[in-house]
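Subject: A structure for you to look at

Hi there,

Here is the structure I promised to pass on to you. Please open it next to this email and follow along as you read.

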Amino acid sequence: MRNSVQAMDYYLLLLHVCSEDGIFDLADAVSLLCPSSISPYPLDYAASWHVGTVLASLGVLDMDGIHRKLLTTVTQRYLSQVQRMDVPVVWQGYVAIHIP
């Protein structure tokens, strides 16, 4: 799991460095939001969704452009994951209303 955390740390540091230029390309965003860079489980989108929604709310991800489709995909996969778990429908709805 340490390798996953190191990967996420790397991409967050890269985001910080690139934020001065205002350039954070799609490949870096995909790498950051990939579950394997955050979790040892390649199909666990929980942390990816949380990181993505925080970055979108901070304005780091361009929600009018290329990052919108990426965050939509992450949100849909996390919603699918939540629907398969035994959680109240309220939480499923919470994830669903955050689809960009």
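The protein chain has five helices and zero strands, where helices (H or I, at least four residues) and strands (E, at least two) are DSSP runs, numbered from the N terminus. Read along the sequence, that gives the pattern α-α-α-α-α. This is a predicted model, in which local features need pLDDT of at least 70 and side-chain atom pairs count only at pLDDT 80 or more, while totals for chains, interfaces and linings use all residues. Residues are numbered from 1 along each chain as its sequence is written, and side-chain values use heavy atoms, with hydrogens and water left out.

Some totals come next. The protein chain has 100 residues, and 36% of them count as buried; buried means under 20% relative accessible area, exposed over 50%, and partly exposed in between (1.4 Å probe, protein chains only). Take the contacts (heavy atoms within 4.5 Å) between residues at least 6 apart in sequence: 53% of these join residues at least 24 apart.

Now for the aromatic rings. A pair of aromatic rings is described by the distance of the centres and the angle of the planes. Rings of Phe, Tyr and Trp (its six-membered ring) pair if their centres lie within 6.5 Å; planes under 30 degrees apart count as stacked, over 60 as edge-to-face and the rest as tilted. A search of the whole structure finds three aromatic pairs. One of them is stacked: Trp49 and Tyr78, at 5.1 Å centre to centre with 25° between the planes. This pair links distant parts of the chain, since Trp49 sits in helix H3 (residues 46-57) and Tyr78 in helix H4 (residues 66-84), 29 residues apart. Are Trp49 and Tyr78 buried or exposed? Both Trp49 and Tyr78 are buried.

Trp49 also forms an edge-to-face pair with Tyr94, with 6.2 Å centre to centre and 80° between the planes. Here too distant parts of the chain are linked, with Trp49 in helix H3 and Tyr94 in helix H5 (residues 89-96), 45 residues apart. Trp49 counts as buried because its relative accessible area is 3%, whereas Tyr94 counts as partly exposed because its relative accessibility is 39%. Taken together, ring pairs link Trp49, Tyr78, Trp91 and Tyr94 into a cluster.

Which residues does Trp49 touch, leaving aside its neighbours within four places in sequence? Trp49 is in contact with Val74, Thr75, Tyr78, Tyr94, Val95 and His98. For Thr75, the C-alpha to C-alpha distance from Trp49 is 6.0 Å, though the two are 26 residues apart in sequence.

Next, have a look at how the helices pack. Two packed helices are described by the angle between their axes and the distance between the axes. The axes are lines fitted to C-alpha atoms, for helices over the stretch in contact, and angles run from 0 to 180 degrees between N-to-C directions. H3 and H4 pack at an angle of about 140°, with their axes 9 Å apart. H3 and H4 are therefore oblique to each other: angles under 35 degrees count as roughly parallel, over 145 as roughly antiparallel, 65 to 115 as roughly perpendicular and the rest as oblique. On the H3 side, Ala46, Ser48, Trp49, His50, Gly52, Thr53 and Ala56 meet Leu71, Val74, Thr75, Tyr78 and Gln81 in H4. The residues of this contact of H3 with H4 divide into six nonpolar, six polar and no charged; Ala, Val, Leu, Ile, Met, Phe, Trp, Tyr, Cys and Pro count as nonpolar, Asp, Glu, Lys and Arg as charged, and the others, Gly among them, as polar.

H4 and H5 pack at an angle of about 175°, with their axes 9 Å apart. That makes H4 roughly antiparallel to H5. From H4, the contact is made by Thr75, Tyr78, Leu79, Val82 and Gln83, and from H5 by Gln92, Val95 and Ala96. The residues of the contact of H4 with H5 divide into five nonpolar, three polar and no charged.

Ser80 is in helix H4 and is partly exposed, with a relative accessible area of 23%.

Happy exploring!
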